[in-house]
There are 2 protein chains.
Amino acid sequence: MIPVFEEAAIRRAITPAVAVRAVREAFEADGLGRTIVPSVINLRVPEPEGEFHIKTAYMRDLPHVAVKVASGFPANASRGLPSGSGLIALFDAATGLPVALLLDNGYLTDVRTGAAGAIAADHLASPDATVVGILGAGVQARHQVQCLREVRPVREVVAWNRTPERAERLCEQLRGDGIPARVGRDVEAVCRVARILVTATASREPLVRAEWLRPGMHVTALGSDSPGKQELDPRCAERADLFVVDRLSQCARFGELAHAIEAGALGEGEVHAELGEIVAGTRPGRTRADQLTIADLTGVGFQDTAIASAAFAALA
Amino acid sequence: MIPVFEEAAIRRAITPAVAVRAVREAFEADGLGRTIVPSVINLRVPEPEGEFHIKTAYMRDLPHVAVKVASGFPANASRGLPSGSGLIALFDAATGLPVALLLDNGYLTDVRTGAAGAIAADHLASPDATVVGILGAGVQARHQVQCLREVRPVREVVAWNRTPERAERLCEQLRGDGIPARVGRDVEAVCRVARILVTATASREPLVRAEWLRPGMHVTALGSDSPGKQELDPRCAERADLFVVDRLSQCARFGELAHAIEAGALGEGEVHAELGEIVAGTRPGRTRADQLTIADLTGVGFQDTAIASAAFAALA
């Protein structure tokens, strides 16, 4: 029998600091060519509509390979069930034998996504950017802020959500975490004040217009993590001085990059870098205060292998 | 906590009869367009060399979605460890929530592969074909014979293996199962007597030459289940009257079909049918005694969802 770890124990083991460190090392390893990342499985099921995403990756420097299954079933909410769930199975990278099961219900995905956003901002946002705009008030919004604090001070959060009450609830939580937070009037108002803009919605159409973005601003787009999802007007990519992706092959298939390519706003060859290359120092991040930067993050298997390995190390 | 079932209990729950029934229903459902099968993940890792395969599928008629991880690490044998392993996570198809973990160490993959071979032979081999040739003497060889017996009598098995001692051990096991079995001199000798030939090796180069195949014979090729593997000389496909695949998109990527296409021996459009279409009755199987038939089986996610669902139903 392999050990099975449950969500409560995993939550205690993985703090934002642990997550940012593990995920940063993973991006660095990726930038140095020390990962093997196969393409992901996206399984969409009908009646009720839902999806499963499966990701995995090998990392030369870690003893484990994680296989992560994440599910999303929006109709669950009306039945009092969580709309997102999942688990991670951990295997020995030298023998292929199962090592542990992490019944995290999607927590590790949430926190490694938060960590990736922080790492993107750390390399791409202006050093003095401390006002953060957030679109979406799901669990990811809070993870983004909690991880961002690991890389820089957060002076204020301005949040927007389609349902304003949920944005208000997020702001209350953030104030409880000691961060000044208020609800923005609309998406444009949030874009106008944010130096770092994080988009973390389930939108299937553009929310952010290119004309609302300003020089010197950084945008981390997280919501476009499977085919059909979109948060940015494709002209945002056209306007960006640096358009960075977490994985070119994924982003070109279903990230914001896919929409930008389809709209003719950006070519694959115009992507500045993969985030791992910037973390590893083989490509520069932001070099000028007035650059408009965009990070298109779809979530890569090496993040899952890294965070699951870190959780197992803390728990075993 | 979800229930975790271990190999011993799973072995008791899944007999060849249960496996053949569940897998037959799965192929039929697939032939009727009642499955959704995303592409698989093949992750190859270096040092020591090994691979992980991940498969999943949705079946309209089943309450679960299985995600199956299978690993293969040849160097394990020298360390006294099983070279193949794996597990299956079962999810609720209506909510995406985890339902159970089947720690089967690859057993369910073995038995559903045996069942698929039997189903292929049932529809493609001549009704009076009862002499079975087997190349390879791994665990799969025995599963093939045990499942074949569910669909027809097996009068004799002639086995070959690169290491003859292993072929002899297989024959002893089969005789213990009540089946006359003997070791063939070489691959050609096995091909010359077999009416049903099953190839279940880990070969990476052709073992079976086209000129050794005869009219009226049926070949089930199982070993070419990931890129680089091959058991049949591509001209076998050229000679076949009916070339059947379990999944066109997979076989064209890494099955025997891929090698046949690469060699110019067969076009994708010359594939007679997917096995599911034959089981569902939308395409014919064998229609004449003198046809040479080949089934190229790479293993499809719906087989895993079907067998895991059957195991859970028997165990829960």
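**Close-up 1. A:Arg253 in helix α8 of chain A.** In this predicted model, A:Arg253 belongs to helix α8, which covers residues 248-254 of chain A. Is this arginine, A:Arg253, buried, partly exposed or exposed? Its relative accessibility is 47%, so A:Arg253 counts as partly exposed. Setting aside residues up to four places away in sequence, you will find A:Arg253 touching A:Ser39, A:Val40, A:Asn42 and A:Ala258. A:Pro227 is worth a look here too: 26 residues separate A:Pro227 from A:Arg253 in sequence, while their C-alpha atoms lie 7.4 Å apart in space.

**Close-up 2. B:Thr109 in helix α3 of chain B.** Now we turn to the other chain. Helix α3 of chain B runs over residues 107-124 and includes B:Thr109. With a relative accessibility of 16%, B:Thr109 falls under the 20% cut-off and therefore counts as buried. Which residues does B:Thr109 contact, once its neighbours within four places in sequence are left aside? They are B:Lys68, B:Asp104 and B:Asp304.

**Close-up 3. Helices α3 and α4 of chain A, where their axes cross.** Here, α3 (residues 107-124) and α4 (residues 139-151) of chain A have axes that come within 8 Å and cross at roughly 45°. That angle is why α3(A) is described as oblique to α4(A). The crossing of these two helices, α3(A) and α4(A), is right-handed. On the α3(A) side, the residues that meet α4(A) are A:Tyr107, A:Asp110, A:Val111, A:Thr113, A:Gly114, A:Ala115, A:Gly117, A:Ala118, A:Ala121 and A:Asp122. Facing them from α4(A) are A:Val139, A:Gln140, A:His143, A:Gln144, A:Cys147, A:Leu148 and A:Val151. Sorted by class, the contact of α3(A) with α4(A) has nine nonpolar, six polar and two charged residues.

**Close-up 4. The axis relating chain A and chain B.** Two copies of a chain are related by a rotation about an axis and a shift along it. For this pair, a rotation of 180° with 0.0 Å of shift along the axis superposes chain A on chain B, with an RMSD of 0.0 Å. That is the relation of a two-fold axis. Which residue of chain A has the C-alpha nearest the axis? A:Ile41 does, with its C-alpha 3.5 Å from the axis. Both copies use the same surface: 100% of the contact residues of chain A recur in chain B.

Technical notes: Residues are numbered from 1 along each chain as its sequence is written. Chains are lettered from A and ligands numbered from 1 in the order in which they are written. This is a predicted model: local features need pLDDT of at least 70, side-chain atom pairs count only at pLDDT 80 or more; totals for chains, interfaces and linings use all residues. Side-chain values use heavy atoms; hydrogens and water are left out. Axes are lines fitted to C-alpha atoms, for helices over the stretch in contact, and angles run from 0 to 180 degrees between N-to-C directions. Helices (H or I, at least four residues) and strands (E, at least two) are DSSP runs, numbered from the N terminus. Angles under 35 degrees count as roughly parallel, over 145 as roughly antiparallel, 65 to 115 as roughly perpendicular and the rest as oblique. A crossing is left-handed if the near helix is turned anticlockwise from the far one by less than a right angle, and right-handed if clockwise. Contact means heavy atoms within 4.5 Å. Ala, Val, Leu, Ile, Met, Phe, Trp, Tyr, Cys and Pro count as nonpolar, Asp, Glu, Lys and Arg as charged, and the others, Gly among them, as polar. Copies are superposed by least squares on the C-alpha atoms of residues with pLDDT of at least 70 in both. Buried means under 20% relative accessible area, exposed over 50%, partly exposed in between (1.4 Å probe, protein chains only).
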